[in-house]
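Visitor: Hi, I've got this one open on my screen. Could you walk me through it?
Guide: Happy to, here it is.

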Amino acid sequence: LTLHDFSARDGDELCRRYGVPLSADQRERLYGLLQGHPLLTRLALHHLSSEQASLESLEECALSVDGPFGEHFRHLIRVLARDPELSSGVRRALDGEPIETESFFRLRSVGVLRGDSTSQAAFRCPLYRSWLARHLPHADGW
C-alpha cells in the first residue's frame, strides 16, 4: 500500500477544514516545507489550530525535538539508529552521494526518500532533509 502525498489543492482544503486561516502565500510556504506529507501536514494543521500558532512560529519550532513534529522525528531517528545500513543511506543522501539500491528502496518504504530509482532519490520533503541533517549525527544519543 502506497500512501500518496497531499496536493497543494488538498492542503488548501485541509486548512479550510481545520479552520486555519492561512493566506495563499502562507499555504504555499507550508506546502513547500512539507510537500503534502500526510502525517506532517496533519501535525502542522493541528498545531496551528489548537495552539492558535502562526505559520512563522511553526517554522521556527519545526526542527526542535520538542516541536510539533518532534515525536515523529524521534521515532524515525530510533528506527535509523537501530539499522546502520539505513543510517548510512541517509548520510549518503545528505552528502549527495549515490545510495545502494536496497537502502534506497528501504528508505523509500519507510517514507524518508521518494523517487523511482536511486538516480531519482530525494528526501520526501525539505523538513526531513533539514531535521535529519541536524539530528542524525547525534542519533546515538536517543
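Visitor: Phe-73 and Tyr-128: buried or exposed?
Guide: Both Phe-73 and Tyr-128 are buried. Keep in mind that this is a predicted model.

Visitor: How are the rings of Phe-73 and Tyr-128 arranged?
Guide: Their centres are 5.5 Å apart and the planes sit at 70°, so the pair is edge-to-face. The two residues are 55 residues apart in the chain, with Phe-73 in helix H5 and Tyr-128 in helix H8.

Visitor: Which residues form the aromatic cluster?
Guide: Phe-69, Phe-73, Tyr-128 and Trp-131 form one cluster.

Visitor: And what about Phe-104 and Phe-105?
Guide: Phe-104 and Phe-105 make an edge-to-face pair as well, 4.9 Å centre to centre with 65° between the planes. Phe-104 is buried at 0% relative accessibility, whereas Phe-105 is partly exposed at 36%.

Visitor: Is Cys-15 buried or exposed?
Guide: Cys-15 is buried, at 4% relative accessibility, while Cys-61 is partly exposed at 22%.

Visitor: Last one: at what angle do H6 and H7 cross?
Guide: Roughly 90°, with the axes coming within 9 Å, so H6 and H7 are roughly perpendicular. Among the residues making the contact are Leu-86 and Val-90 of H6 and Arg-106 and Leu-107 of H7. The contact residues divide into three nonpolar, two polar and three charged.

Note on methods
Residues numbered from 1 in each chain as written. Predicted model: local features only at pLDDT ≥ 70, side-chain atom pairs only at ≥ 80, totals over all residues. Heavy atoms only, no water. Buried < 20%, exposed > 50% of the residue type's maximum accessible area, 1.4 Å probe, protein only. Axes fitted to C-alpha atoms, helices over the stretch in contact; angles between N-to-C directions. Helix = DSSP H or I, 4+ residues; strand = E, 2+ residues; numbered from the N terminus. Parallel < 35°, antiparallel > 145°, perpendicular 65-115°, else oblique. Contact = heavy atoms within 4.5 Å. Nonpolar A, V, L, I, M, F, W, Y, C, P; charged D, E, K, R; others polar. Phe/Tyr/Trp six-rings, centres within 6.5 Å; stacked < 30°, edge-to-face > 60°.
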